[in-house]
Amino acid sequence: MSQIVVELRHVNKKFKRKNILNNVNLKIYENHVYGFSGPNGAGKTLTFKTILGFIKPNNGDVIVEGKFIRKEVMFAENIGFSIQEYGVLGDKTATENLSLLNILNNQVETADTNIQQLLSYVGLDPNNKDKVKHYSLGMKQRLSLAVALLNDNKILIFDEPTNALDDSGQDFLVAMINDLKLKGKTILISSHDKYFLNKISDHIFKFNEGTIVGEQIL
Amino acid sequence: MTQQHYNLLLKRNRMLYWEQIRIKFIIVTLVYVMLLLQARHQQQFYGVFYGVLQAPNDFAMPIQWFFIMLLPVAVIGDSFNQLVKIEHPLLNRVGLSTYILSIFQIMSEMLFLFWLLWILIPGNNQYYLFSVILFLNSSLSIFIFSLISLFLSPVIAYFIAILLAMGTIANNKLPILSQFMLSRFDSNLMINLFNTIILILIVIILFSCIRYIEFTQIRK
């Protein structure tokens with residue numbers, strides 16, 4: 001049996017007196033792919049933010065790799081994530097952005113070749129000198145995936161990664177997630193696209209109105 | 001964090017901060033320079049910060065002082081909130097306190113520029129103690145405003161700032177804030193030291209609450 005790497009126990013969150021996460025319980029085992037499905041506002045992104053430590057639950061425990069988030073540590077530091085609203089610097093190139101994030105987060109400089117390999121891995125041209133603000137939505141999405149993969153974290157969160165990706169982009173994403181799973185990563189991924197989630201997930205959590213209303217093991 | 005990495009963080013946050021405030025900053029600086037030039041023309045070197053000493057049964061509104069005090073607040077607006085709640089998560093291995101301190105440094109640089117303009121344009125070199133205390137305490141007040149805006153909405157933080165400015169105008173002896181008016185300024189060093197310590201304590205108390213921040217801001 002593989003190890004539990006993320007656990008949510010009776011997590012509740014209220015905003016303006018409204019329950020937006022309601023008694024969420026889940027266990028994430030290492031080296032599995034977990035799909036998070038549900039309509040807008042169902043609580044998928046909020047669950048991700050709670051796991052990362054960006055939201056402090058009113059009640060309940062969030063445990064990542066044995067550490068209580070927002071109790072023992074503020075943030076889950078070893079999770080790579082791609083969440084749309086946390087974007088990179090528009091006035092810099094993709095390479096500059098990744099270098100800057102790497103230097104500041106890890107206090108080390110990574111060889112440019114590693115960053116170029118990472119950009120190639122997500123399907124971006126490492127020699128592209130365009131500023132990110134001139135990128136298409138699909139390219140920005142791919143760059144966001146590269147940011148998530150930057151520190152070679154064991155756990156990865158991808159929030160709606162299929163947004164702005166065309167068919168070939170989605171095929172690429174499926175291949176990438178399968179490859180990451182082979183490399184031992186644990187992946188949490190949300191999408192509106194049930195077909196996509198069915199294709200890549202080992203386990204799907206169905207969210208509605210801030211709570212898990214169903215689970216499906218594939 | 002090494003000095004080299006901190007400088008890089010500063011450079012990154014300066015760029016983001018500038019993106020957020022540049023239009024407001026240019027407008028506000030122009031208004032500020034115009035007010036200072038007017039003061040220079042009228043040979044009122046103390047000019048814009050003079051304020052008012054209210055007489056019994058009378059109320060005078062020092063419009064210039066009111067606007068000058070709120071100008072930095074108007075420039076900062078929601079930018080601190082955005083810089084912390086939207087731009088910090090990708091750097092979540094950089095300590096939140098270090099990150100916020102870097103933004104405080106950037107805001108102080110902006111206030112220093114305003115302060116320098118006030119010294120240079122009207123040729124203001126007679127009110128040395130007042131100007132230093134004003135720079136120090138207004139910087140601390142701006143930090144307080146910024147930290148409050150993390151927990152309440154920036155609109156409420158604005159409202160509090162306006163209320164405090166109005167309260168200062170109405171009350172000749174409002175602790176700490178009355179010292180922001182040259183007309184009421186008490187040069188007693190102990191009083192000024194005490195005021196600064198109180199402001200620093202408020203900053204420290206608010207700073208200790210940053211662990212409760214929720215990163216739920218929407219990118220503008």
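User: How are residues and chains labelled, and which pLDDT do local features need?
Analyst: Residues are numbered from 1 along each chain as its sequence is written, while chains are lettered from A and ligands numbered from 1 in the order in which they are written. In this predicted model, side-chain atom pairs count only at pLDDT 80 or more, totals for chains, interfaces and linings use all residues, and local features need pLDDT of at least 70.

User: Which strands form the open sheet of four strands in chain A, and in what order?
Analyst: Strands here are DSSP runs of E with at least two residues, helices are runs of H or I with at least four, and both are numbered from the N terminus. Two strands pair if DSSP finds at least two bridges between them. The pairing in this sheet is antiparallel, and its order is β2-β1-β4-β5.

User: Why is one side of β2 (18-29) and of β5 (67-68) of chain A left without a neighbour in the sheet?
Analyst: β1 (residues 4-15) is joined to β2(A) by eight bridges and runs antiparallel to it, with Val6(A) opposite Ile28(A). One side of β2(A) and of β5(A) has no neighbour in the sheet because each stands at an edge with a single partner strand.

User: What angle does the direction of helix α1 (residues 44-52) of chain A make with that of β2(A)?
Analyst: Helix α1 packs on the sheet and touches β1, β2 and β4 (59-64) of chain A. Axes are lines fitted to C-alpha atoms, for helices over the stretch in contact, and angles run from 0 to 180 degrees between N-to-C directions. The angle with β2(A) is about 65 degrees.

User: Which residue of β8(A) is the bridge partner of Leu156(A)?
Analyst: Strand β7 (residues 155-159) and β8(A) pair in the parallel sense over five bridges. In β8(A), the partner of Leu156(A) is Ile187(A).

User: Which residue of β9(A) stands opposite Phe36(A)?
Analyst: Strand β3 (residues 33-37) pairs with β8(A) in the parallel sense over four bridges. Four bridges also join β3(A) to β9 (residues 203-208), again parallel. Opposite Phe36(A) stands Phe205(A).

User: Which residue in the hairpin of β9(A) and β10(A) takes a positive phi?
Analyst: β9(A) and β10(A) run antiparallel and are joined by six bridges, with Lys206(A) opposite Gly214(A). The hairpin has two residues between the strands, and the residue with a positive phi near 45 degrees is Glu209(A).

User: Is Thr211(A) buried, exposed or partly exposed?
Analyst: Thr211(A) lies in strand β10 (residues 211-217). Two residues are in contact if their C-beta atoms, placed from the backbone, lie within 7 Å; leaving aside neighbours within four places in sequence, Thr211(A) is in contact with Asn22(A), Asn23(A), Val24(A) and Gly43(A). With 19 other C-beta atoms within 10 Å, Thr211(A) is partly exposed.

How values were computed: Buried ≥ 20, exposed ≤ 12 C-beta atoms within 10 Å, placed from the backbone.
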